[in-house]
Amino acid sequence: MSIKGVHHVSLKAQGAEEFQRVLDFYQQVLDCPLIRHWGQGDSQGAMLDLGNTILEVTSNGTERCKGLFAHLAFATDDVDGMVERLQAAGCPVLVQPVDKNLGGNYPIRIAFCAGPIGEELEFFQELTQEKRKK
C-alpha cells in the first residue's frame, strides 16, 4: 500500500450560482475539460481535468476558510498570456508576472491571480535562459 499521487484538489463554492461561476471560469477561461457532474442546486459537484490532477468543485460550501494550502499552482509555458487572459475575465492580479531564481539555478516566471471565488491561483513557468523576460 502506498500513495500513488494527488487525485484531486477540492474547492467549495457557496450555492448553485457561485458553483456555476466557478465551473464557467475553469472551463472557459482556463480551458479545463469537465470530467463529470452530479446533483443539482445547492447539492451538486463536478470534476474538471487540470492536466495532471483533478479539481473537484462542490456547491455545498458554508463559509470561507483558508487551510494549510495557500494556493493552487498551474504549470504553463506563458505566464504573461495567462495573466492577460485572467484580466480579460475580470480576475484581479495579486502579483504581476515576475522572473525569480529559486536556489540560484532554477529560473522561473510566476504570477498570482484571484479566481472567481477568491481562491489564489499561481501560474508557474520554468525558464531556460533564453526565455527570461528581464
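In these legends a residue is called buried when its relative accessible area is under 20%, exposed when that value is over 50%, and partly exposed in between (1.4 Å probe, protein chains only).

The model is predicted, and local features need pLDDT of at least 70, side-chain atom pairs count only at pLDDT 80 or more, and totals for chains, interfaces and linings use all residues. Residues are numbered from 1 along each chain as its sequence is written, and side-chain values use heavy atoms, with hydrogens and water left out.

**Figure 1. Gln27, a partly exposed residue of helix α1.**
Helices (H or I, at least four residues) and strands (E, at least two) are DSSP runs, numbered from the N terminus. Gln27 belongs to helix α1, and because its relative accessibility is 28%, Gln27 counts as partly exposed. Contact here means heavy atoms within 4.5 Å. When neighbours within four places in sequence are left aside, Gln27 is in contact with Cys32, Leu34 and Leu48. Leu48 lies 21 residues from Gln27 along the chain, and the C-alpha atoms of the two are separated by 7.9 Å.

**Figure 2. The open four-stranded sheet and helix α1.**
Two strands are said to pair if DSSP finds at least two bridges between them. The strands of this open sheet follow the order β1-β4-β3-β2, with mixed pairing. At the edges stand β1 (8-12) and β2 (34-40), each of which pairs on one side only. Direction ignored, neighbouring strands of the sheet are turned by 15° against each other on average. Strands β1 and β4 pair in the parallel sense over five bridges, and His8 has Ile54 in β4 as its bridge partner. Helix α1 lies across β1, β2, β3 and β4 and runs at about 10° to β3. For such angles, axes are lines fitted to C-alpha atoms, for helices over the stretch in contact, and values run from 0 to 180 degrees between N-to-C directions. Strands of a sheet pair through backbone hydrogen bonds, either parallel or antiparallel.

**Figure 3. Strand β7 between its partners β6 and β8.**
Eight of the nine residues of β7 (residues 106-114) are buried, so this strand is largely enclosed by the rest of the structure. Strand β6 (residues 93-102) pairs with β7 in the antiparallel sense over seven bridges, and Asn101 stands opposite Pro107 in β7. The two strands form a hairpin with three residues between them, and Gly103 in the turn has a positive phi of about 65°. Strand β8 (residues 120-126) also pairs with β7 in the antiparallel sense over seven bridges, with Ala114 opposite Glu120 in β8. Five residues lie between the strands of the β7 and β8 hairpin, where Gly118 takes a positive phi near 90°.

**Figure 4. The largest nonpolar core.**
A nonpolar core is a set of buried Ala, Val, Leu, Ile, Met, Phe, Trp, Tyr and Cys residues joined through side-chain atoms within 4.5 Å. The largest such core has 27 residues, of which Phe25, Tyr26, Leu30, Phe74, Leu86 and Phe123 touch the most other members. Two or more residues each are given to this core by α1 (16-29), β3 (43-49), β4 (54-58), β5 (72-75), α2 (79-88), β7 and β8. Helix α1 supplies the largest share, six residues. Not counting residues up to four places away in sequence, Leu86 touches Phe25, Val29, Leu30, Cys91, Cys113 and Phe123.

A salt bridge is a side-chain nitrogen of Lys or Arg within 4 Å of a carboxyl oxygen of Asp or Glu. The whole structure has four of them. Arg21 is partly exposed, with a relative accessible area of 39%, whereas Glu18, at 12% relative accessibility, counts as buried.

**Figure 5. Glu122, a buried residue without a salt bridge.**
Glu122 has its place in strand β8. For charge, Lys and Arg count as positive and Asp and Glu as negative, while His and the chain ends are not counted. The nearest side chain of opposite charge to Glu122 is Lys100, 9.4 Å away. Apart from residues up to four places away in sequence, Glu122 touches His71, Leu72, Ala73, Phe74, Ile110, Ala111 and Phe112.
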